[in-house]
Every structure is written in structure tokens, then in C-alpha cells.
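Here's a quick walk through a protein model, from the overall fold down to a single residue. Have the viewer open as you read.

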Amino acid sequence: MANKGPAYGMSRDVQSKIEKKYDDELEDRLVEWIVAQCGASVGRPERGRLGFQVWLKNGIVLSRLVNSLYPDGSKPVKIPDAPPTMVFKQMEQIAQFLKAAEDYGVVKTDIFQTVDLFEAKDMAAVQRTLMALGSLAVTKNDGNYHGDPNWFMKKAQEHKREFTESQLKEGKNIIGLQMGTNKGASQAGMSYGRPRQIIS
């Protein structure tokens, strides 16, 4: 990674707007969930955006989080014995988490970019990804989610309906209101202004 100097002008404005989207209360909830999901061995970050970023930066905590959502024997991310110290290995670990999160069901638009976390470009995007992952885990309700289910919103689920042949035939005889009706208001007796006067 190249060293970057301070941002000025429009770049600074854009970066400050991105940083304002970061939610400290959401950070607390996400930390509680990660600790409940992975166990106390993952530790806790220092409070604030930078502490949260440093805690997740090497990708190990994220990898343990996504692995904990799968049953034993089918863990999607390989976690090295020693945390990676080289930059490209840490970024590779984050990329493995992102791939596993997408395979778990997180929508592509909810997934952050590796540099958003690694260089702390957009920590709010990291929060969005973790929220989407938590919501999916609560929704799946497969016994692998640990923590308070009220921490995340359940996603809407498909509710498929089955109709019998006789119900389908009855439906063909009913005219839906979307198709309009020939009862009610009409234009009979309406006049618009005075008729045209032709004078010769």
C-alpha cells in the first residue's frame, strides 16, 4: 500500500461524509454479536471507528464469524494458525470472508470492498455487511445463530400458496376491481360550459 497524505478540498468533504455514516451504537451491537457468536477468545476492540477497524483488519475475526454460522464440518473459510502479518495475506483473508458472506446469501450490493475495511475508507459499509449477515442468520433460524434475535431484523421470506383446480376455476369467473367496473359514475347529464353560439 502506498502512503497517502491528507485529503484536501472535495476529497476531504467526501471522506468526512462517509465517516459521518458510521454508527457508534451499531458498533456496540455488532461487537456484542460477534463476541456472542465466536466466543470471548476474539477479544473486544477499543471503542470507536478506528478500534473497530483494527480489530477486524486482519480478517481473522470476520472469518471466525462466518465459519460460526455453518455447522461443524462445513466451514467455508480456512483460518491460519497464526494471524497473518503480511498485508496481502490479511487482504486475502478479508476477501475469503466476503466470498463466504456472499455464498451465505448476503446480496452483492450489501458487501463492502476489501479496501473499505483495510484502509478504513468506509467503515459504515463494513457495518452494513455485518448487519446483512446477522439478519440472514436470524432469518435462517437453523440453530447456528447465537445472541439476541432482536439485534437484527428478519428478512422477508417467500410464502408460497397452493390452489386447487376448483379454486382456480372459480377465480376465472370473478372480475377483479383492477379491471374496472361499468357501475357507478357516468357522464350522463354532464355539460361543460355553454354550447357554441353561431350567429349569422
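## Before we start: angles and axes

A helix axis here is a line fitted to C-alpha atoms over the stretch in contact, and the angle between two axes runs from 0 to 180 degrees between N-to-C directions. Keep that in mind for the helix pair below. Also, this is a predicted model.

## The overall picture

The protein chain has 8 helices and 0 strands. Following the sequence, you get the pattern α-α-α-α-α-α-α-α.

Of the 200 residues in the protein chain, 34% are buried. As for how the chain meets itself, take the contacts between residues at least 6 apart in sequence: 55% of these join residues at least 24 apart.

## Helix 4 against helix 5

How do helix 4 and helix 5 pack? Their axes sit 8 Å apart, at an angle of about 25 degrees. Angles under 35 degrees count as roughly parallel, so helix 4 is roughly parallel to helix 5. The crossing of this pair is left-handed.

On the helix 4 side, the residues involved are Ile60, Leu62, Ser63 and Val66; they meet Gln93, Phe97, Ala100 and Ala101 in helix 5. Sorted by type, the residues of this contact come out as 6 nonpolar, 2 polar and no charged.

## The nonpolar core

Now for the largest nonpolar core, which has 44 residues. Those with the most contacts inside it are Ile34, Phe52, Leu56, Phe97, Phe112, Leu130 and Leu133.

Helix 7 supplies the largest share, with 10 residues.

Setting aside residues up to four places away in sequence, Ile34 touches Gly39, Val42, Trp55, Leu56, Val61, Leu65 and Leu130. Leu56 and Leu130 are, like Ile34, among the residues with the most contacts inside the core.

## A look at Thr129

What is Thr129 in contact with, leaving aside neighbours within four places in sequence? The list is Phe97, Asp110, Ile111 and Phe112. Of these, Phe97 and Phe112 belong to the core residues with the most contacts inside it.

Note on methods. Residues are numbered from 1 along each chain as its sequence is written. This is a predicted model: local features need pLDDT of at least 70, side-chain atom pairs count only at pLDDT 80 or more; totals for chains, interfaces and linings use all residues. Side-chain values use heavy atoms; hydrogens and water are left out. A nonpolar core is a set of buried Ala, Val, Leu, Ile, Met, Phe, Trp, Tyr and Cys residues joined through side-chain atoms within 4.5 Å. Buried means under 20% relative accessible area, exposed over 50%, partly exposed in between (1.4 Å probe, protein chains only). Helices (H or I, at least four residues) and strands (E, at least two) are DSSP runs, numbered from the N terminus. Contact means heavy atoms within 4.5 Å. Angles under 35 degrees count as roughly parallel, over 145 as roughly antiparallel, 65 to 115 as roughly perpendicular and the rest as oblique. A crossing is left-handed if the near helix is turned anticlockwise from the far one by less than a right angle, and right-handed if clockwise. Ala, Val, Leu, Ile, Met, Phe, Trp, Tyr, Cys and Pro count as nonpolar, Asp, Glu, Lys and Arg as charged, and the others, Gly among them, as polar.
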